[in-house]
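Welcome, and take a moment to look over the chain below.

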Amino acid sequence: MTYSTVPINLADKLSQFSDLWSQKKVADLNGYEVKLAKLKGEFVWHSHEDTDELFLVISGRLTLQLRDGDVVLGPGELFVVPRGVEHCPVADEETAVLLLEPAGTLNTGDAGGSRSKAPEAL
């Protein structure tokens with residue numbers, strides 16, 4: 001088994017990219033991907049039928065619009081969007097987030113479209 005004994009510094013990883021709405025994979029965990037992203041503006045309404053999605057805000061503020069009402073997260077706060085729940089992330093200011101979801105989960109879920117991107121390894 002090959003593994004690294006070097007911890008992952010999230011601030012260092014975040015300093016390595018500036019593009020928005022582009023997920024960067026920083027680790028794998030039992031078939032899940034640990035990803036970082038920088039967000040600003042509004043994404044697309046979508047859902048993930050087969051998986052929950054964890055959002056952890058590192059900096060900034062993130063609003064997760066849900067059909068039943070908004071969830072607003074600040075630094076150090078997380079929220080799990082349950083599988084099948086339609087949501088639309090919105091960040092009024094640049095916001096850094098950590099995402100945890102199964103490998104291969106499409107960022108736009110069932111919506112697809114031009115904003116669909118596979119995560120890039122960082």
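A polar atom of the lysine 38 side chain lies 2.5 Å from the backbone oxygen of phenylalanine 17. This is a predicted model, in which local features need pLDDT of at least 70 and side-chain atom pairs count only at pLDDT 80 or more, while totals for chains, interfaces and linings use all residues. Residues are numbered from 1 along each chain as its sequence is written, and side-chain values use heavy atoms, leaving out hydrogens and water.

**Lysine 38**
- Lysine 38 sits in strand E2, residues 32-42; strands (E, at least two residues) and helices (H or I, at least four) are DSSP runs numbered from the N terminus.
- Lysine 38 is buried without a salt bridge, and the nearest side chain of opposite charge, glutamate 94, is 4.3 Å away.
- Buried means under 20% relative accessible area, with a 1.4 Å probe and protein chains only; a salt bridge needs a side-chain nitrogen of Lys or Arg within 4 Å of a carboxyl oxygen of Asp or Glu.
- Opposite charge here pairs Lys and Arg, counted as positive, with Asp and Glu, counted as negative; His and the chain ends are not counted.

**Glutamate 53**
- Glutamate 53 belongs to strand E3, residues 53-59.
- Glutamate 53 is also buried with no salt bridge, and lysine 35, the nearest side chain of opposite charge, is 6.3 Å away.
- The glutamate 53 side chain makes a polar contact with the side chain of histidine 48 at 3.1 Å, and another with that of histidine 87 at 2.9 Å.
- A polar contact is a pair of N or O atoms within 3.5 Å; within protein, one must be able to donate a hydrogen and the other to accept it, and residues adjacent in sequence count only if both atoms are side-chain atoms.

**Nonpolar cores**
- The largest nonpolar core has 15 residues, and Leu39, Phe55, Leu62, Leu64, Leu73 and Val97 touch the most other members.
- Elements giving two or more residues to this core are E2, E3, E4 (62-66), E5 (71-73) and E7 (87-102).
- Apart from it lies another core, of eight residues, including Phe17 and Val34.
- Such a core is a set of buried Ala, Val, Leu, Ile, Met, Phe, Trp, Tyr and Cys residues joined through side-chain atoms within 4.5 Å.

**The whole chain**
- The chain has one helix and eight strands, in the order α-β-β-β-β-β-β-β-β from the N terminus.
- Of the 122 residues, 41% count as buried.
- The C-alpha atoms fill a box of roughly 45 × 30 × 25 Å along the principal axes.

Terms used
Buried means under 20% relative accessible area, exposed over 50%, partly exposed in between (1.4 Å probe, protein chains only).
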